[in-house]
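Here is a short briefing on one protein model. Overall dimensions come before the local details.

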Amino acid sequence: MTLFPHKFLPRSLSGRVFAMFGLCMLVFLLFGLGMFYRYQFSQRLADTDQAANTIADITAQAIAHESLEGDATRVEQVMHLALAGSPLKSAAFRGPHGMTVLAAPPAKGPGAPAWLVHAIDRRMPDVVRKVEAGGQSIGVLGLAIDAAAIAAQLWDVAVQTAALVAAFALACYLLMRSTLRRWLANLQRLQHFENEVSAGEVTAEAPLLDDAPVEIQDAIHAINRTTASLRNQYGERIAHLMHTLLEHKRAMDQVASMCEVDKLGRIVDANEQFVRCCGIAREALAGMELATIGRPANASGLPWVPSPLVWTGEVTVSGAQGETQWFRTVVPILGADKAVEKYICIDIDITARKDFEQAILDNARRQTLIAALGQKALHASMLDELFAQAAATAAQGLNTRFAVLLEADTERNVAIARAVAGWPSQMNGTVYDCQAAVRTQGQPGLLPWSAPLRASSVVGCGLDVAIFRGTRLFGAIGVYDIGERTFTPVETDFLKSIATLVATALERHEAKSRLTFLDQYDQLTSLPNRRRLTRFLDDSIARAKSRADSCAVLLIDLDRFKDVNDTLGHTAGDELLVQAARRLLDCVRAGDVVGRLGGDEFAVVLPAAAQRRESRAVAAAIVESLGRPYRVQGQQVYATASVGIATWPGDGEAAEALIRNADNAMYSAKKAGRNTHSFYMPVMNEDATRRLRTEAELREALRREEFVLHYQPKVSLATGKLAGFEALLRWQHPVRGLVPPLEFIGILEDTGIIIPVGEWIIGQVCRQLLLWEREGAAPVPVAINLSARQFQQADLAQVIERIVGASGANPQLLEFELTESLLMADPESAAATLAAIKRLGMHLSIDDFGTGYSSLAYLKRFPLDTLKIDRAFVRDLPEDGDDAAITQAVISLAHHLSLKVVAEGVETLEQARTLHGYACDQIQGYYASRPLPAAECTALLARGQLIDRALLAAPPMRLVASDEAGHGAADGSAAAA
Ligand code: C2E
Ligand code: CA
């Protein structure tokens, strides 16, 4: 807040100094004068009062005498005397005897303002005195003060003093004014200084007078210093600016082509870049019209013409570096008269940007083409259409004259043109021999497959990529052109994308065909599968119905195919199936259909088999054909077939029923001894139903504890003593009674129930061994039969170890019997499993020896202890010379391999003796004993001796155990003899 509102302040500094100074002076003078006047006023009044009293006293004495005498005139004279020269105005005396005297000299004119007179009058009352004579009051004297006279005197003094002071102040003012002006003149010079600076006098300094006040000197010095500093700073800035400008120009020269053009549009000068880009010598350039250097990039664009306006546009310049794209700006430079003096042309290289834009456009176009091809690839059912579009897409996308899609036949080394673009369509299907090209691998970047095609046409350049269907080479797709051209990686990728699309479509197509095939045909034999065959049979039934005709279905099953599979392996099995399929096809007429239902089951539909004998003829032909030996993996293999026949009408209404009944008929053919055919009869259906029921019952049998083990003794021929038992499974059926294993073992195997049942058998044998041990019997080994299904268990040895270990039975007393075919199915892993079981301390024997295909080499490698000669070789001993020879040979071979020999199915003493003669170790069979329940075996164990040794050497007379072993007579065995 300022003391004074500035609108009341003078504008100049001097004005303000004077104003302030004047104001202070005025206040000071007024105050001084006031004090002075006040003093004068009081002093004057005091003096007047004193004088008036003195005059009153004197006058009262003087007139006391006169009044006594009553001389009024004298009194009046005295009174006039007193008034003269006094500050009194008038005097009045009232004396004795009514004497009244008044003296009042004439008043002078007013000399002071009325307020002053009035003020004095108020302060100065009249003076009254008693006039006494002799102590007696004789009258009263009154004197009136002359206020006007006093005021006039005081006023005079005031006026004079004021005039004096005013004169003094004026003098001071003038003095100060002149000195101040001189001092402030320094500041006024700053104005000049400013003007000089504005006029560009950059070296100017503000001038200074010697007598300038210190503050002003300091201020001007500061200004001069600031100016000098600014001068320096701006100097540096400008230098920097100039430097930057130069740099800028240099940079511009690098990136931009620039030239100077005169007002007529002719080039005057150009930078290096410009010269380089347009490829014209600098000398030749001078004088050329700018418009001739570069044509408008856009076909509709106009070239530059001299004009006072800034011109911009895109131009294409053909120079030493080929065609380049430029963004041109031509800026007119105007003179003082606003007329064009010259032009500066600046060209910025936009070739890369333009190329990039073009690449994006090309890419987008190719993407569209690829998308369209992708659509086609997804939906095209005809590959040729797709190939044609692929070739067209390649040519279009890569802007080439020709394109081709070749299929390569790597075996024949030929390439087949599957689709062409640019070339005449007759070229489709042309086969090119690529032998030479494939050998030499053709040109780099081009596949050998396209070499003959390229050679046969005018092709200068090209690009092709291989098409793979999965991992197999399908062929190639290629684009070719007449002139020279290199293909960018992006273009290569485009062609690869097309190849990938084609490959995907090929795979899809193949997968689709494959699916259709898998759905309808058997993979191995390529015959119709069950689904297709069933449909065909249904159609045949429908046709037969409509024509009142008949049709038949033959169901064919290879006998003992499982043995081939187990013995020679699955590959051999497959080979056999393929051969069988071929033979089946040879057995039927055109119009008949052969199919594979699965495994070793085939079916033949005879759509028009009016006569039963026709079906029979075909069935017989099939049995005959399939029964001929096969050559599989260099070996002769024998197999036979069983055929079941079902006919419509009669054996079923629909295909399913007909096939089922043909199956039943086939089972009955098998039952009838295999290698034959059988017509369906309703009773067969009952057999099949029974089988199904048995299967259901077997699933429950283990839980219901319906299984039991019988034990058949083995007898040592050397001593006639009990040498061991074979555990044989029996099913104690609640209704059917004791069911022999051949009726259910197969079903147990087929259904897999054999696994838990097999484990139960091992456990049960162990328990029996411990029981016999507790009963005090001498321990003998017990053999357990292992089925193929059990033997396939990877952890069989561990399972056995667990069960035997848990029971606490002596492993040495356990023996496992395995059939030849079971061991030969996979001899390597069989050897491993056998070794594992052997390590547990158990014995191993090969069962039914002679019925399967044993490899003697393997026999040696299996850790076997015993060989059991099959019943078939024993049955006709000693009459059958062949069997006798085989048995002898087998015994001798086994002994060579350090194997003990057990002959199975020994029913007569004759056979026992013969075997004894052959040095067979043990016999097993009805002659010694039928399989017995465990309880009955206890007695045999106690007795030990089963056959009299003498009997074996001498003619048969008696058997030791005949009378005790009640079974012997009942079974009609040799023991009863
Ligand atoms: P296999 O292993 O050859 O068993 C011997 C078969 O011959 C037994 O028939 C037995 O009763 C019979 N047999 C014994 N001596 C004579 C004889 O002098 N003359 C005649 N004709 N036969 C005799 P079974 O008990 O009916 O067993 C048949 C087949 O069932 C066995 O043949 C075996 O392969 C299988 N089997 C029996 N029990 C089991 C078992 O517990 N497990 C497994 N996996 N298979 C078993
Ligand atoms: Ca056996």
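**Surface and overall form**

The protein exposes about 51700 Å², and carbon and sulfur atoms supply 56% of that area. The model is a predicted one. Of its 977 residues, 43% count as buried.

- The protein has 31 helices and 32 strands.
- Its radius of gyration is 75 Å, well over the 30 Å that the globule rule gives for 977 residues, so the protein is more spread out than a compact globule.
- Along the principal axes, the C-alpha atoms fill a box of roughly 235 × 105 × 65 Å.
- Among contacts with a separation of 6 or more, 60% come from residues 24 or more positions apart.

**Calcium ion (ligand 2)**

- Four protein donors lie 2.1 to 2.5 Å from the calcium ion: Glu726 (OE), Asn785 (OD1), Glu817 (OE) and Asp847 (OD).
- Along the chain, the donors follow the spacing E-x58-N-x31-E-x29-D.
- Asn785 lies in strand S26 (residues 782-785) and Glu817 in strand S27 (residues 814-819), so this pair ties together parts that are 32 residues apart in sequence.
- Asn785 has 29% relative accessibility and therefore counts as partly exposed.
- Glu817 is buried, with a relative accessible area of 1%.

**Helix H20**

- Helix H20 covers residues 754-774, which is 21 residues.
- At 1.5 Å a residue, H20 should span 30 Å, and its end C-alpha atoms are 30 Å apart, which agrees.
- Just after H20, Gly776 takes a positive phi of about 90°.

Technical notes. Residues numbered from 1 in each chain as written. Chains lettered and ligands numbered in written order. Predicted model: local features only at pLDDT ≥ 70, side-chain atom pairs only at ≥ 80, totals over all residues. Heavy atoms only, no water. Helix = DSSP H or I, 4+ residues; strand = E, 2+ residues; numbered from the N terminus. Expected span 1.5 Å × (residues − 1). Donors = N, O, S within 2.8 Å, 3.2 Å for Na, K, Ca; no water. Buried < 20%, exposed > 50% of the residue type's maximum accessible area, 1.4 Å probe, protein only. Rg over C-alpha atoms; globule rule 2.2 N^0.38 Å. Contact = heavy atoms within 4.5 Å. Areas by Shrake-Rupley, 256 points an atom, 1.4 Å probe, with all protein chains shown as cover.
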